[in-house]
Amino acid sequence: MLHEVPTVRPQLARAHAPRCAHCGRPLTHPGTVIAFVGVVGPECRHKFTHLIALVAEVEMLSFNIDDQGSQRLAHLIWSRLCRLGFVVTKHADTTKRTLWLEVDSRVSRKGADVVKRYETVRAEFEQQLKLAQAEREAVGA
């Protein structure tokens with residue numbers, strides 16, 4: 001059983017930097033701050049849109065500790081994000097019987113590697129998140 005955790009979707013901030021953290025091109029105008037990569041230029045910002053949406057969606061999920069299916073799904077999502085290069089922490093609240101994932105604002109690999117790896121497993125990962133959504137809707141019905 002999944003529960004929604006109300007969170008705010010991340011806002012993309014602007015900042016000055018000498019170079020794009022993704023491609024290394026010089027930035028003449030403020031770039032976009034990507035929490036898992038750094039300050040990127042306007043061309044590179046679009047490469048991270050799906051990745052930012054994925055992290056926001058994962059952080060809004062809450063899993064039931066007592067449900068084995070939820071625990072397996074949480075572990076699967078956790079392991080996939082870790083393999084992609086994210087630093088992910090599992091948290092549990094035993095009083096509410098829930099488990100949730102927190103994606104750290106840093107990655108264990110360079111931003112370019114995270115994007116490449118994400119593109120290769122994107123379809124599979126989106127299918128797993130759809131299963132999580134279907135499970136959540138089934139519980140709410």
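These are my notebook entries on a predicted model of one protein chain.

**Ground rules**

I number residues from 1 along each chain as its sequence is written, and I keep to heavy atoms for side-chain values, with hydrogens and water left out. Because the model is predicted, local features need pLDDT of at least 70 and side-chain atom pairs count only at pLDDT 80 or more, while totals for chains, interfaces and linings use all residues.

**Confidence**

I checked pLDDT, the predictor's confidence in each residue, from 0 to 100. The mean for the protein chain is 77. A value of 70 or more is reached by 78% of the residues. I found the lowest confidence in strand β1 (residues 2–4), with a mean of 47. The highest is in strand β6 (residues 86–93), at 87. Residues 1–9 have pLDDT below 50, yet in the model this stretch makes 31 contacts beyond near neighbours in sequence. A contact means heavy atoms within 4.5 Å.

**Overall make-up**

I listed the elements next. Helices (H or I, at least four residues) and strands (E, at least two) are DSSP runs, numbered from the N terminus. The chain has four helices and seven strands. Their order from the N terminus is β-β-β-β-α-α-β-α-β-β-α.

Then I looked at burial. Buried means under 20% relative accessible area, exposed over 50%, and partly exposed in between (1.4 Å probe, protein chains only). Of 141 residues, 36% are buried. The accessible surface is about 8300 Å², and carbon and sulfur atoms hold 55% of that surface. These areas come from the Shrake-Rupley method with a 1.4 Å probe; for residues, only the protein chains shown count as cover.

I also looked at contact range. Among contacts with a separation of 6 or more, 55% join residues 24 or more positions apart.

**The sheet**

I traced an open sheet of three strands, in the order β2-β3-β4, with antiparallel pairing. The edge strands are β2 and β4, each pairing on one side only. On average, neighbouring strands are turned by 45 degrees against each other, direction ignored. The axes behind that angle are lines fitted to C-alpha atoms, and angles run from 0 to 180 degrees between N-to-C directions.

Two strands pair if DSSP finds at least two bridges between them. β2 (residues 13–15) and β3 (residues 31–34) share three bridges. In this pair, I see Arg14 opposite Thr32. β3 and β4 (residues 38–40) are also joined by three bridges. There, Ile34 faces Gly38.

**Helix α3**

An α-helix has 3.6 residues a turn, so residues three or four places apart point the same way. After α3 comes Gly85, with a positive phi near 120 degrees.

**Two single residues**

Glu43 sits in helix α1 (residues 42–45). Is Glu43 buried or partly exposed? Glu43 is partly exposed, at a relative accessible area of 48%.

Arg97 lies in the loop between β6 and β7 (98–107). Its phi is positive, near 60 degrees, in a residue other than glycine. Most residues other than glycine have a negative phi. Arg97 counts as partly exposed, because its relative accessibility is 35%.
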